[in-house]
Amino acid sequence: MKLKYLVAGTLGAALLSTTAMAQMERGRDGNANIIYWQAASTLNPYLSGGTKDIDAASMVLEPLAHYDENGNMVPTLVDEIPTVANGGVSADLTSITWKLSEGLKWSDGTPVTSADVVFTANYCMDETGGCQQSAKFGGVKSVEALDDLTVKITFDGPKPFPYGPFVGATTPILQAAQFANCMGTAAPTCTEQNFGPIGTGPFTVTEFRANDTISLAANPNYRDPSKPAFATLTFKGGGDAAAAARSVLETGEFDYAWNLQLAPEVLADMEAKGQGTVLSGFGPLVERLMINLTDPDPKWGDERSTVAHPHPFMTDPAVRQALSMAIDRPLLVEIGYGKAGKVTCNVLPSPAIYDSPNNAGCEVQDIAGANALLDEAGWVRGADGVREKDGVRLSILYQTSTNAVRQDFQALIKQWWAEIGVETELKNIDAAVFFGGDQSSPDTFQKLYADVEMYANNFDGTDPEAYMGNWQCSEIPSPDNAWLGGNMPRYCNPDYDKLVKEMAGTADINERARLAIAMNDMLMQSYTIIPLVHRGNVAARSNTLEGVKLNVWDSDLWNVADWSRAK
Amino acid sequence: MLNFTLRRLMFTIPTLLLISFIIFLILDLAPNDPTGNLPLTIPPEVRAQIRTSLGLDEPMYWRYLLWCKQFFINEPLNLLNQWFGWCIGDCENRLRVTSFLTRSPVVDLIAERMPQTLWVVGMSYVVGVLIALPIGVISAYKQYSWFDQFGTLIAMIGFSVPTFFTGVLMIVIFSVMIPQDSMFWLPSIYDTTLKVVDWPSFVQQMRQMAMPVMVLALFNAAHISRFMRASMLDNLSQDYVRTARAKGLKEKTVLLVHVLRNSMIPVVTVIALGIPQVFGGAIITEQIFKVNGLGQLLIIGIQNSDIPLVQTLTFLFAVLIVIFNLVADVLYGLLDPRIRYD
C-alpha cells in the first residue's frame with residue numbers, strides 16, 4: 001500500500017510541478033475583496049439599470065455571449081456566435097438562432113435549457129414588470145425553443161445587428177424554475193429570488209445585504225473545473241470613490257475598486273504608495289457640449305427651446321465653430337481626467353473601427369482663429385468686449401450637472417469664450433434633477449432651457465446604430481413628445497436621417513462603419529455637438545491580484561473567473 | 001403623572017400623522033425622479049414603464065393613503081406574523097412598504113441595519129457620555145484651572161471640527177501611516193459580515209469599531225460636557241452647597257451627592273433628547289467608515305429618490321423624537337420633585 005502511494009507520488013511529481021497541481025484546483029486562493037463605492041441594491045439586472053447592480057450580478061448570472069476587453073463578442077453559454085456566414089442569422093436578417101453548449105448546469109445542479117432563455121425573454125418583455133433592460137428586446141417578435149438547446153429569436157423586421165438580447169451583462173439568463181412566480185407585477189415581490197438568483201456564473205450568493213455587502217462562494221457546478229481561483233468573494237459597497245481608491249491603493253484592505261472618478265493628482269499620489277495599480281480603459285463615453293439650435297428665451301413660454309423659434313445666434317455656424325476653436329482640450333484632459341481621459345474630436349471615438357479620421361485639428365486651441373472667424377462673420381465687439389450683430393449679443397447660458405470636474409470645465413471654458421468676445425453665464429443643476437426627466441422641472445437636460453449644456457453619454461455594447469440615431473429630426477425633444485428623445489441640439493438634417501435609415505438596413509460591418517463615420521462627421525463639421533474629452537473607466541487593483549482585464553464593453557467583473565492571487 | 005403621560009400620548013397621534021403627511025409632501029414635490037440615476041442608455045419609454053411599475057402614475061393623495069395603509073396596518077400585522085406566528089387576514093400576499101431601489105420590504109432593510117447603528121453609534125454615545133460627565137464635573141469644580149482650559153479646548157475642537165475631517169484624519173493616521181502588521185493599525189472599512197463568535201473575532205470587531213466610535217464620541221462628549229459644566233457651575237454657587245459645607249460634610253459628599261445629583265437634571269434631559277440621533281445613525285461617519293447603518297441607508301435612499309424608504313425612515317425618526325421628548329418630560333418630573341404636571 002505504502003509502496004503504491006510512493007510510486008504514484010513520485011510519478012505525479014515527475015509529471016506535474018507542484019504549482020501546476022495547485023492551479024488545477026477550484027477555490028485555491030481563498031478570499032478576494034471587491035469594493036464598489038455604490039452598493040448593489042439587487043442582483044436582478046432586469047430590475048435595476050445601475051452599473052453596480054449589473055456588475056455584481058455578472059458574477060452569478062451569465063448571458064449567452066459577452067464582450068471581451070477589445071469589444072469582440074465571445075461565446076459564454078454557447079459554442080459559437082451565430083452569424084449570417086455560419087447560418088445562425090437568417091439571410092433576410094430577421095432571426096437569429098442560438099445553440100446552447102451541451103452539459104451546462106445551474107449552480108443548483110439542474111441543466112440549463114432553452115426554456116430558461118425563452119422564460120427570460122418573456123420575463124423582460126412583460127410590460128407590467130417594469131423591466132429596465134426592455135430596450136435590449138426592442139423589435140423582438142418572438143423567442144421560441146426549437147429543442148432543448150436551441151433558441152430562435154425572431155425580429156419584426158430585418159435586424160442587421162441582432163445581438164441585443166442575451167449578449168453582454170445587462171441581459172443574462174435567469175433560471176425559469178426559480179423565477180416562475182415572478183412574472184409581471186409580481187417581479188418586485190420576489191425579494192428572495194432577486195437577492196439570490198441561481199446562475200451559471202463562477203460564483204453563487206451566500207448572503208446578500210441590500211445596499212451593503214454581498215458574500216459569494218465559488219459555484220461548485222461551474223463549467224470549468226479549475227475556476228474560479230477564489231473560494232469566496234466579498235463585494236462591499238458604499239462610501240465614496242476616494243475611500244474606495246484608498247482601500248486598494250493605500251491600505252491594501254481591498255483587491256479591486258471600481259469607477260474611480262477622482263482628480264488625477266489624487267490617484268497618482270495614492271498609486272505612488274505601491275500597493276496597487278490604476279487601470280483605465282476607453283469605451284464610447286464622451287464629455288461634450290450640446291449647442292441649442294432653438295431659442296430658450298422664456299418669452300416664448302411653452303415654445304421655449306422648440307423648433308418653432310430658431311436660436312438668435314447659435315444658428316450661425318461661424319459662432320459654433322468659434323466656440324469649439326477657443327477650447328484647449330489637452331488642458332481640460334490634464335485638469336479633469338489625467339489618465340482617464342483623451343482628447344477627442346469625434347462624438348463617436350470608439351470602438352476603433354468607427355473612429356473618424358476626418359476631424360483632427362481640434363486638439364489645438366486657436367483663439368486668434370476664432371476671433372478672426374467671428375470678425376469675418378460680422379460679429380463686432382461692443383464697448384464691454386462682448387460681440388454683437390444687429391442688436392444680438394453673444395451671451396450664453398451654459399448649464400451642466402453638479403460635479404467638481406464639470407464646474408472646473410465651466411470656469412475654464414467661460415474664460416476662453418470671454419477671450420473671443422462671448423459672455424457666459426454658468427449654471428449647475430443636481431444630477432438627479434438634470435438627468436431626471438421630471439416633466440415639471442425646467443432644469444432637465446432634455447428641456448435644455450439654456451444655450452449650451454455639457455454632459456457625457458455613451459451606448460451599451462459595441463454597436464452605435466441606436467446611439468447615432470439619436471440625432472434624427474424625429475428624436476428632437478419637445479412638449480409634443482413629453483420632452484423625450486435624445487436630440488438635445490435639436491439638429492435636423494434630412495441627409496443625416498437618410499444615413500440613419502441606410503444603416504438600419506446594412507449588415508456588413510465595414511459598410512456600417514463608413515455610415516457611422518459619415519454621420520459623426522456631419523455632426524462634427526456642423527459644430528452642433530462639440531466633443532471635449534473621451535473619458536475612460538478607471539479602476540484600481542491590488543498588486544497581488546492577477547488576471548484583471550478592465551472591460552469597458554461589458555461588466556468590470558466579466559472575467560472574475562480568471563482572477564487569481566499572485567504567488 | 002400617568003394622566004399627563006396618557007394625554008401627551010394621545011396628542012402624539014395627530015402630530016405624527018401630520019408629520020408623515022408633511023414628509024410625504026416634501027418628498028413628492030421635490031424635483032426628483034427614481035429613474036434619474038439610471039444610465040442614459042435606458043430609453044425614455046422604458047423609464048416611463050419603470051415609473052408606472054413603481055406606482056408613480058397614481059394621484060398623490062392615493063399614494064399617501066397607500067403608504068399609510070402599508071405602514072400602519074400591513075407592517076404591524078406582518079410583525080405579529082413574524083414574531084408570534086399570528087396570521088391575521090391574507091398574510092401571504094400582504095403588500096408591504098417596498099423600496100424602489102431594492103424592491104424589497106423597507107422594514108426588513110431597516111431591521112438588517114439597526115444592529116450596526118446601535119452598536120457603533122450607540123456605543124459612541126455611551127463612550128461620549130462616560131467621557132463627558134467627569135470632564136464636566138471636574139471642569140466646573142476647578143473652574144479656570146489648566147484642566148478646565150484643556151477640557152474647553154477639547155470641547156471646542158469636538159464642536160467645531162466636522163466628523164468628515166476627523167474621520168479621514170484618523171484613517172490617514174491609523175490605516176495608512178501605521179503599517180498593517182502593527183497592533184495599532186485599524187481597518188478603514190467596516191466589515192459588516194463579521195460575526196462575533198470567539199475572542200479573535202471580538203477583538204476584530206472592537207478594532208473596526210474603534211475609529212467610528214472615537215470620532216463620534218468626541219463630538220458627543222464635547223456637546224454633553226459643556227452642559228454638565230454649566231449645570232455644575234449653576235449649582236455650586238447655590239446656598240444649599242454652602243449649608244452642606246457649613247454642616248461639615250466631606251467635600252466629596254458635597255460634590256458627588258448634593259451638587260452632582262441636582263446638576264444632572266438638565267443633563268439627563270439633554271442626553272435623553274439625543275438618543276433619537278443614535279437611531280438616526282450618523283450619516284457622515286457611517287459613510288466614511290462604510291458602516292452599514294441607518295444613516296447610510298437614508299443617504300442611499302435620498303440619492304436614488306427611493307421615496308418609500310426615505311419616507312419610512314424619516315417617519316420612524318420623527319416617532320423617536322416625539323417619544324423621547326415625552327420621555328425627557330417624564331424624567332424631568334421624576335428627577336425633580338418640584339415639577340409636577342397634574
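Visitor: What makes the turn of the hairpin of β7(A) and β8(A) worth a look?

Guide: In this predicted model, the hairpin has 4 residues between its strands, and A:N211 takes a positive phi near 60 degrees.

Visitor: How do you know that β7(A) and β8(A) pair?

Guide: Two strands count as paired if at least two bridges are found between them. Strand β7 (residues 203-208) and strand β8 (residues 213-218) of chain A are joined by 5 bridges, and they run antiparallel. One of the partners can be named: A:T204 is bridged to A:A217 in β8(A).

Visitor: Which strand pairs with β8(A) in the antiparallel sense over 5 bridges?

Guide: That is strand β9 (residues 232-237) of chain A. In β9(A), A:K236 is the bridge partner of A:T213, and A:T234 stands opposite A:S215.

Visitor: Why is β9(A) called largely enclosed?

Guide: A residue is buried if 20 or more other C-beta atoms lie within 10 Å of its own. In β9(A), 5 of the 6 residues are buried, so the strand is largely enclosed by the rest of the structure.

Visitor: Why are β4 and β5 of chain A called edge strands?

Guide: The open sheet has 3 strands in the order β4-β6-β5 (chain A), with antiparallel pairing. β4 (95-99) and β5 (140-147) each pair on one side only. On average, neighbouring strands of this sheet are turned by 20 degrees against each other, direction ignored.

Visitor: What joins β5(A) to β6(A)?

Guide: There are 6 bridges between β5(A) and strand β6 (residues 150-155) of chain A, which run antiparallel. A:S142 has A:T154 as its bridge partner in β6(A). Helix α4 (residues 114-125) of chain A packs on the sheet and touches β5 and β6; the helix direction makes about 165 degrees with that of β5(A).

Visitor: Which residues of the largest nonpolar core touch the most other members?

Guide: They are A:A245, A:A257, A:L260 and A:A540, out of 209 residues in that core. Helix α7 (residues 199-236) of chain B gives the most to the core, with 13 residues. Domain 1 (38-96) and domain 2 (112-335) of chain B each supply at least three residues.

Visitor: What makes A:A540 a contact of A:A257?

Guide: Contact requires C-beta atoms within 7 Å. Leaving aside neighbours within four places in sequence, the contacts of A:A257 are A:I35, A:A244, A:A245, A:S247, A:V248, A:A539 and A:A540.

Visitor: Where do the centres of the two domains of chain B lie relative to each other?

Guide: The centres of domain 1 and domain 2 of chain B are separated by 36 Å, taken over C-alpha atoms.

Visitor: How many residues of each chain take part in the contact between chain A and chain B?

Guide: Chain B gives 44 residues and chain A gives 48. On the side of chain B, the elements with two or more residues are α2 (44-53), α4 (106-141), α6 (163-177), α10 (283-289) and α11 (294-303). The largest share, 7 residues, comes from α2(B).

Visitor: What is the make-up by class of the side of chain B that touches chain A?

Guide: It has 19 nonpolar, 20 polar and 5 charged residues. Gly is counted among the polar ones here.

Notes:
Residues numbered from 1 in each chain as written. Chains lettered and ligands numbered in written order. Predicted model: local features only at pLDDT ≥ 70, side-chain atom pairs only at ≥ 80, totals over all residues. Core = buried A, V, L, I, M, F, W, Y, C linked by C-beta atoms within 7 Å. Buried ≥ 20, exposed ≤ 12 C-beta atoms within 10 Å, placed from the backbone. Domains from an automatic or database assignment. Contact = placed C-beta atoms within 7 Å. Axes fitted to C-alpha atoms, helices over the stretch in contact; angles between N-to-C directions.
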